[in-house]
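Please look over the sequence and the model shown here. The briefing that follows goes through the chain, its parts and the way the copies meet.

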Protein chains: 2
Amino acid sequence: MKQEPGKAAPPAPPGAGGTAVVLLSGGLDSATAAAWARREGYRLAALSLDYGQRHRCELDCARAVAAALGIADHVILPVDLAAFGGSALVDDAIAVPKDRSDEAIGRGIPVTYVPARNTVFLALALAMAETRGADAVVIGVNAIDYSGYPDCRPEFIAAFSRLASLATKAGVEGRPLEILTPLAALTKAEIIRLGLDLGLDYGLTSSCYDPDAAGRPCGGCDSCRLRAAGFQAAGAIDPRAAPRG
Amino acid sequence: MKQEPGKAAPPAPPGAGGTAVVLLSGGLDSATAAAWARREGYRLAALSLDYGQRHRCELDCARAVAAALGIADHVILPVDLAAFGGSALVDDAIAVPKDRSDEAIGRGIPVTYVPARNTVFLALALAMAETRGADAVVIGVNAIDYSGYPDCRPEFIAAFSRLASLATKAGVEGRPLEILTPLAALTKAEIIRLGLDLGLDYGLTSSCYDPDAAGRPCGGCDSCRLRAAGFQAAGAIDPRAAPRG
């Protein structure tokens, strides 16, 4: 960028000039993480996984979020985790739990857990990052998620960062990839406030584990309930609010 | 199994009663690793990845090896790593190097390196292992491979083991998955001798990076050259020997 004479260049943000691959699910968290990375100055590429999820309308949301953030390099990769079975999110034989109490949501590993999902997603993001010569992978794991899913916890992310430094050509050559988790320490309400500050349109995102054919949220699954509580605590209106019975 | 009176039961092998998911590429190494795990007493399931590799005949070999070892639970999962590009093994724009010297083969990271391949493969094997309640994942990385590919080195495997213990429901509940690398410390000749001792038919396996349409090896790529040298050092005949010009 050409500087005006006599005017100092503004300080470069941490990510300025770097490239980051963002894991974009179409949900609220990953969209916020992507908007954050853009503000930090990263050039963004996005990876969405079509993994046989029930909530396939998320992929349309991922496309819409990528377009809204100006991300032209967006790969939607089919990986049929449903071939393995074992989760309510990919296996039609397992029901998505509805209307659980807040206490129940926070306890144990839910049946909506997809086996090794974040390990698989981060591994594929690492592969894409390596082909793009990227400096970072951005994933929207957060404080709410890691109460239930083992592969959302900070110690899991730290172990993946260590792995990434050993797994790649760039890492071996002294340019390890950073795994960025900007939402790790935020509550759902704080995430929503961050996204609204960044001008993100949450109407483009979908969080429901069990939407109807038109992509409308069910309002009763854990994810709908966490989203509704988050918007309420943030004092904001959800543009994609679930109708409640 | 019913024991004859007065006759002690033979000592159980380490893997007896356990289940292992074997990454089966159709190549020589993974077939040997699978045969080893079967001898150790593991019930085997196999995972092969259809990742857009040029040497797609490997998948037919993987099917043949699985059948020969009596592995009924064999998943062939499409994962289009070619969508990312960046390797001679998946990208038609990059030529497979031929007739390199032994010194050149051992030096640096070759263009046949597939970005983050073993990270992706192990992550998917971890997902499959979790749905099967498996105790171990078996991968045929070896001493020859880790001279060139960063994700074949023992420190990479150790980092993945650490990740696996944090990534899964079973790991969190105190039953971490083992990542077994029975070939890690073996030369190609030692691997071949092990497989022959285990009764493995290497005619079922394919190692070539650039076979012809009928699946016949080129004889000139690094993998063909390492295989030929391995059989020669083992004092054995390769039933799938490459014709040499």
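A residue is buried if 20 or more other C-beta atoms lie within 10 Å of its own, exposed if 12 or fewer, and partly exposed in between, with C-beta atoms placed from the backbone. By that rule Arg39(B) is partly exposed, because 15 other C-beta atoms lie within 10 Å. This is a predicted model: local features need pLDDT of at least 70, side-chain atom pairs count only at pLDDT 80 or more, and totals for chains, interfaces and linings use all residues. Residues are numbered from 1 along each chain as its sequence is written, while chains are lettered from A and ligands numbered from 1 in the order in which they are written.

**Chain A overall**

- Chain A has eight helices and five strands; helices (H or I, at least four residues) and strands (E, at least two) are DSSP runs, numbered from the N terminus.
- Along the sequence, the pattern of chain A is β-α-β-α-β-α-α-β-α-α-β-α-α.
- Chain A has 245 residues, of which 51% count as buried.
- Two residues are in contact if their C-beta atoms, placed from the backbone, lie within 7 Å.
- Among contacts in chain A between residues at least 6 apart in sequence, 73% join residues at least 24 apart.

**Strands E1 and E2 of chain A**

- Strand E1 (residues 19-23) of chain A is mostly covered, with four of its five residues buried.
- E1(A) runs parallel to strand E2 (residues 43-50) of chain A, and five bridges join them; two strands pair if DSSP finds at least two bridges between them.
- Val22(A) has Ala46(A) in E2(A) as its bridge partner.

**Helix H5 of chain A**

- Helix H5 of chain A covers residues 154-167, and its 14 residues should span 20 Å at 1.5 Å a residue, which agrees with the 20 Å between its end C-alpha atoms.
- The expected span is 1.5 Å times one less than the number of residues.
- The buried residues of H5(A) include Phe156(A), Ile157(A), Phe160(A) and Leu163(A).
- Among the elements that cover the buried residues of H5(A) are helix H4 (117-132) of chain A and H4 and H5 of chain B.

**The nonpolar core**

- A nonpolar core is a set of buried Ala, Val, Leu, Ile, Met, Phe, Trp, Tyr and Cys residues joined through C-beta atoms within 7 Å.
- The largest such core has 131 residues, and those with the most contacts inside it are Ala34(A), Val137(A), Ala34(B) and Val137(B).
- Leaving aside neighbours within four places in sequence, Val137(A) is in contact with residues including Ala20(A), Val21(A), Leu122(A) and Ile179(A).

**How the two chains meet**

- The contact takes 37 residues from chain B and 37 residues from chain A.
- On the side of chain B that touches chain A, H4(B) gives the most, with nine residues.
- Since 100% of the interface residues of chain B are also interface residues in chain A, the copies meet through the same surface.

**Two residues of chain B**

- Arg39(B) lies in helix H1 (residues 28-39) of chain B.
- Glu190(B), in helix H7 (residues 188-197) of chain B, is partly exposed, with 17 other C-beta atoms within 10 Å.
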